[in-house]
Amino acid sequence: MAYLTGTIFFAVTDKLKSELDDLGSTETLILSMRGVPTIDLSGIQALTELCEELEKERGIDVMLTSVQPKVLAELRRGGLIDFIGEEYVFESAEYAILKAQQICCAFLFINSPVLS
């Protein structure tokens, strides 16, 4: 889980990308955005590119939690929510963690050698 704080704009996402370079075998990344009061269009675009890179190139699902209503409206308008899916946007970290566990456990169960 990563906690984002402050206004998100293009330059901030470069720092975020460098911080997230070493996710190892992470399957799901939860971005808690409780501390983000505003986001501009360049921040939405950069965050969308980051999510695309994580999901398409590294197979990491991205979830959002605790997004301020104003920021959530901007993310919807900018297309990020369409990209990650409404089902991956949560009111609290607890719900996001439960969903991540469901996905992980379902994946592990389906690919279990016991079923072969």
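Student: Which residues line the largest pocket?
Tutor: Tyr3, Leu4, Thr5, Ile8, Val12, Lys15, Leu16 and Glu19 do. Keep in mind that this is a predicted model.

Student: What volume does the largest pocket have?
Tutor: About 170 Å³.

Student: And which elements give two or more residues to the lining of that pocket?
Tutor: Strand 1 and helix 1, which spans residues 10–19. Helix 1 gives the largest share, with 4 residues.

Student: How does the lining divide into nonpolar, polar and charged?
Tutor: The lining has 5 nonpolar residues, 1 polar and 2 charged.

Student: Let's zoom out. How many helices and strands does the chain have?
Tutor: It has 5 helices and 4 strands. Along the sequence they run β-α-β-α-β-α-α-β-α.

Student: How much of the chain counts as buried?
Tutor: Of its 116 residues, 39%. Take the contacts with a separation of 6 or more: 82% of them join residues 24 or more positions apart.

Student: What about the largest nonpolar core, how many residues has it?
Tutor: It has 26 residues. Those with the most contacts inside it are Leu31, Met33, Leu47, Leu64 and Leu75.

Student: Which elements give two or more residues to this core?
Tutor: Strand 1, strand 2, helix 2, strand 3, helix 3 and helix 4. The largest share comes from helix 2, at 5 residues.

Student: Now helix 3. Which of its residues are buried?
Tutor: Val71, Leu72 and Leu75. They sit on the same side of helix 3, because they cover an arc of only 100° around the axis.

Student: And which exposed residues does the face turned away from that buried side carry?
Tutor: Pro69, Lys70 and Arg77.

Student: What do the buried residues of helix 3 pack against?
Tutor: Five partners are listed here: strand 2 (28–35), helix 2 (41–58), strand 3 (61–65), helix 4 (80–84) and strand 4 (89–90).

Student: What comes just after helix 3?
Tutor: Glycine 79, with a positive phi of about 90°.

Student: Which residue other than glycine has a positive phi?
Tutor: Serine 66 is one, with phi near 55°. Serine 66 lies in the loop between strand 3 and helix 3.

Student: Is serine 66 buried or exposed?
Tutor: Buried, because its relative accessible area is 11% and the cut-off for buried is under 20%.

Student: Last one, serine 32. Where is it?
Tutor: In strand 2. Serine 32 is buried as well, with a relative accessible area of 2%.

Student: What does serine 32 touch?
Tutor: Skip residues up to four places away in sequence. Serine 32 then touches Met1, Ala2, Tyr3, Leu4, Thr65 and Ser66.

How values were computed
Residues numbered from 1 in each chain as written. Predicted model: local features only at pLDDT ≥ 70, side-chain atom pairs only at ≥ 80, totals over all residues. Heavy atoms only, no water. Buried < 20%, exposed > 50% of the residue type's maximum accessible area, 1.4 Å probe, protein only. Arc of directions from axis to C-beta. Contact = heavy atoms within 4.5 Å. Core = buried A, V, L, I, M, F, W, Y, C linked by side-chain atoms within 4.5 Å. 1 Å grid on protein atoms, 1.4 Å probe; cavity = no way out; pocket = protein on both sides within 12 Å on 5 of 7 lines; lining within 4 Å. Points joined across faces, edges and corners; volume = space filled by probe spheres on them. Nonpolar A, V, L, I, M, F, W, Y, C, P; charged D, E, K, R; others polar.
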